[in-house]
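Subject: Structure handover

Dear colleague,

I am handing over the structure we spoke about, and I would be glad if you could look through it with the notes that follow it.

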Amino acid sequence: MDDDDLTARLKSYEGHPAAVAATGKDPVNVPMIRHWCEALGDTNPAYAGPDAVAPPTMLQAWTMGGLTGHTGRARAYDELLALLDDSGCTSVVATDCEQEYLRPLRPGDEITFDTVIESVSARKTTKLGTGHFVTTRTDVRVGDTLVGTHRFRILKYAPARQKQPPARSERSSSQLPRPERSRPLRPRPVVNRDNAGFWEGVARHRLLIQRCTACATLRFPWLPGCAHCGHPDWDTVEASGEGAVYSYVVMHHPPFPAFTDVDHAADAAGPYAVVLVQLAEGVRMISNVVGTPYDKVRIGMPVRLEFRSYDDELVLPVFRAAEEDA
């Protein structure tokens with residue numbers, strides 16, 4: 001079918017339910033609140049003690065169905081995604097979300113929710129490829145009381161084809177690829193007006209941390225305003241590069257060769273570690289530990305910052321075990 005026919009079929013799903021009377025897998029509970037706050041470094045006293053409430057930004061956490069999904073899931077959403085798959089839009093990426101909080105959630109609250117397919121866009125062309133944006137709206141309730149809404153938008157797209165490099169005979173020696181080029185290119189970071197200064201610093205091999213000019217609180221990742229006092233003005237400090245692994249996960253599936261540490265991977269699509277590094281300045285950032293096998297990464301392991309060029313255009317801040325660096 002042509003684009004107009006496909007778009008018409010896709011838009012016919014607008015207003016259809018994606019989940020009806022679904023229930024949260026667990027009541028709002030203190031352990032999940034504690035783990036969330038520890039992971040984000042949020043020490044707000046409102047989230048601890050006998051009168052604790054859940055952080056508002058946990059709203060989606062209470063509705064997640066895990067690997068088995070929810071019993072309230074409706075057929076319309078699966079049919080919509082299948083139609084997009086059949087049209088060649090087989091890849092998906094989450095693009096943004098909007099949340100509205102109407103009353104705090106407290107331990108013991110039992111969550112129910114309904115989700116509706118709010119909108120499907122016409123065909124759009126992005127750097128990732130061409131596809132359609134799908135927006136769903138979830139209304140979250142405790143009993144009959146609406147406590148929050150969550151709009152979630154994804155892009156279902158057909159991946160853009162990578163430009164083929166010229167034949168070897170057509171390139172000069174200065175144009176020959178680096179060894180890393182034998183692997184897929186890493187995805188490009190999303191650069192916007194809020195974080196452009198950070199990436200400009202990375203290009204100069206400087207790791208810059210925002211600092212609120214009102215209360216001097218450091219923050220990472222970069223945000224348009226201070227989460228501690230709400231002040232909009234900020235300056236930057238340069239990180240020393242010292243840090244330690246605060247937490248990590250090992251990615252086994254799906255295989256993604258572009259993220260493999262070629263120094264230690266048994267094959268081009270081997271497992272790799274994603275680490276949360278606590279910098280000496282007190283903020284945390286997600287990165288990789290290079291030069292260390294994924295199964296040797298440990299919590300508390302001292303690391304030091306370095307900047308690695310992955311291709312002619314991409315420089316990223318990564319970390320190396322301090323012992324190896326020494």
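In this predicted model, pairs of rings link Phe198, Trp199, Phe220, Trp222 and Trp234 into a cluster. A search of the whole structure finds 4 aromatic pairs, and one of them is formed by phenylalanine 198 and tryptophan 199, whose rings lie 5.0 Å apart from centre to centre, with 75 degrees between the planes, in an edge-to-face arrangement. Phenylalanine 198 counts as buried because its relative accessibility is 6%, which is under the 20% cut-off.

Tryptophan 222 and tryptophan 234 also form a pair, and since their ring centres are 5.1 Å apart and their planes stand at 65 degrees, this pair is edge-to-face; the cut-off for that class is over 60 degrees. Tryptophan 222 belongs to the loop between strand E8 (218–219) and strand E9 (234–238), while tryptophan 234 belongs to strand E9, so the pair ties together parts that are 12 residues apart in sequence. Tryptophan 222 is buried, with a relative accessible area of 9%, whereas tryptophan 234, at 36%, is partly exposed.

Two arginines also sit over rings: the charged end of arginine 186 is placed over the ring of tyrosine 310, at 4.2 Å from its centre, and arginine 284 lies over the face of tyrosine 246, 3.6 Å from the ring centre.

Turning to the sheet, 6 strands form an open sheet with mixed pairing, in the order E12-E11-E10-E14-E15-E13. Its edge strands, each of which pairs on one side only, are strand E12 (284–287) and strand E13 (289–290). E13 runs parallel to strand E15 (residues 315–321), to which 2 bridges join it, and valine 290 stands opposite arginine 320 in E15. Helix H4 (residues 196–203) packs on the sheet, where it touches strand E14 (302–309) and E15, and the direction of the helix makes about 65 degrees with that of E15.

Which residues does glutamate 306 contact, leaving aside its neighbours within four places in sequence? This residue of strand E14 is in contact with Val290, Leu316, Pro317, Val318 and Arg320, and a polar contact of 2.9 Å joins its side chain to that of arginine 320.

Definitions and conventions. Residues are numbered from 1 along each chain as its sequence is written. This is a predicted model: local features need pLDDT of at least 70, side-chain atom pairs count only at pLDDT 80 or more; totals for chains, interfaces and linings use all residues. Side-chain values use heavy atoms; hydrogens and water are left out. Rings of Phe, Tyr and Trp (its six-membered ring) pair if their centres lie within 6.5 Å; planes under 30 degrees apart count as stacked, over 60 as edge-to-face and the rest as tilted. Buried means under 20% relative accessible area, exposed over 50%, partly exposed in between (1.4 Å probe, protein chains only). Helices (H or I, at least four residues) and strands (E, at least two) are DSSP runs, numbered from the N terminus. A charge sits over a ring if NZ of Lys or CZ of Arg is within 6 Å of the ring centre and within 35 degrees of the ring normal. Two strands pair if DSSP finds at least two bridges between them. Contact means heavy atoms within 4.5 Å. Axes are lines fitted to C-alpha atoms, for helices over the stretch in contact, and angles run from 0 to 180 degrees between N-to-C directions. A polar contact is a pair of N or O atoms within 3.5 Å; within protein, one must be able to donate a hydrogen and the other to accept it, and residues adjacent in sequence count only if both atoms are side-chain atoms.
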